[in-house]
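Biologist: I would like to learn how to read the features of a model like this one. Please give the general idea each time, then the case at hand.

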Amino acid sequence: MHYQPATRNQLEVIFDKGMQCIPLSEIEVAQYRTEILCELAKEYAQHRWTMQIHIGAMRSVNSRMLANLGRDCGYDSSSDRACLAPLAQLLNRLDHVGALPDTLLFSLDPTLDAALATLAGNFPGNGEVTKVQLGPAWWQSAFTAS
C-alpha cells in the first residue's frame, strides 16, 4: 500500500514518460497508482460497488513455482511492509471528497487484523454498518458459501 498524491501536471509527465518507455522512479509509480486507485474508487462509489483491498501480500516468493505455474498460483506470503498510515491517508482522502465506496479490507497477516478493524471503524456509513469493514478475501468467501 502506497499513498503518494500527484497533481494533474505530475500525472501527465508520468504518463508521457511511460508512453516513451522512460523508466519511472518509485515515487512516480506510487503517484500513478495512488491516483488510478482514487479514480477507480470514485467509480466504485458511483456504481455502488464494493472495493476490496488486499493488504500485506508478498507475491510469488517461490521462483521455481513461478517459472512452472506462472503468477498468482498461491505462492504468496504475508509481508511486514508498513501499510496502515498510507491506507488511512487513502481512505481519508476518499471520504473527504465523498467518494469512499463500501470497502472490504483483508490481509494475509493476521497480526494486522486489530489495527485494520480500528481503522475501518473510523469511516462510518450512513446506516448501521461502517463504510469500511474487515473481512475475508473474495476467494475465501466464494469457496465457503453454501
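Modeller: Begin with burial: a residue is buried under 20% relative accessible area, exposed over 50%, and partly exposed in between, with a 1.4 Å probe and protein chains only. M19 has 59% relative accessibility, so M19 counts as exposed. The model is predicted: local features need pLDDT of at least 70, side-chain atom pairs count only at pLDDT 80 or more, and totals for chains, interfaces and linings use all residues. Residues are numbered from 1 along each chain as its sequence is written, and side-chain values use heavy atoms, with hydrogens and water left out.

Biologist: In which helix does M19 lie?

Modeller: Helices are DSSP runs of H or I with at least four residues, strands are runs of E with at least two, and both are numbered from the N terminus. M19 lies in helix α1.

Biologist: Which residues form the nonpolar patch on the surface?

Modeller: A patch takes residues with over 30% relative accessible area and no salt bridge; nonpolar side chains (Val, Leu, Ile, Met, Phe, Trp, Tyr) are joined within 5 Å, like charges within 9 Å. Areas come from the Shrake-Rupley method with a 1.4 Å probe, and for residues only the protein chains shown count as cover. Here the patch consists of F15, M19, Y32, I36 and L40, with about 480 Å² of accessible area together. The elements giving two or more residues to this patch are α1 (8–19) and α2 (26–47). The largest share, three residues, comes from α2.

Biologist: Is Q31 buried or exposed?

Modeller: Q31 has a relative accessible area of 8%, so Q31 is buried. Its place is in helix α2. Contact means heavy atoms within 4.5 Å. Leaving out residues up to four places away in sequence, Q31 touches Q4, P5, A6, Q10, L11 and I14.

Biologist: What is the order of the strands in the open sheet?

Modeller: Two strands pair if DSSP finds at least two bridges between them. The open sheet has three strands in the order β1-β4-β5, with parallel pairing. For angles, axes are lines fitted to C-alpha atoms, for helices over the stretch in contact, and values run from 0 to 180 degrees between N-to-C directions. Direction ignored, neighbouring strands of this sheet are turned by 25° against each other on average. β1 and β4 (residues 103–107) run parallel and are joined by five bridges; in β4, F106 is the bridge partner of H54. Helix α4 (residues 84–96) packs on the sheet, where it touches β1, β4 and β5, and its direction makes about 165° with that of β1.

Biologist: How many salt bridges are there?

Modeller: Side chains of opposite charge can pair when their charged atoms come close. The rule asks for a side-chain nitrogen of Lys or Arg within 4 Å of a carboxyl oxygen of Asp or Glu. The count is six. One of them joins K42 and E39, with the closest N and O atoms 3.2 Å apart. These two are three residues apart in helix α2, so about one helical turn separates them.

Biologist: Which parts of the chain does the pair D76 and R59 link?

Modeller: D76 and R59 form a salt bridge whose closest N and O atoms are 2.7 Å apart. The pair links distant parts of the chain, 17 residues apart: D76 is in the loop between α3 (63–69) and β3 (77–78), R59 in the loop between β2 (57–58) and α3.
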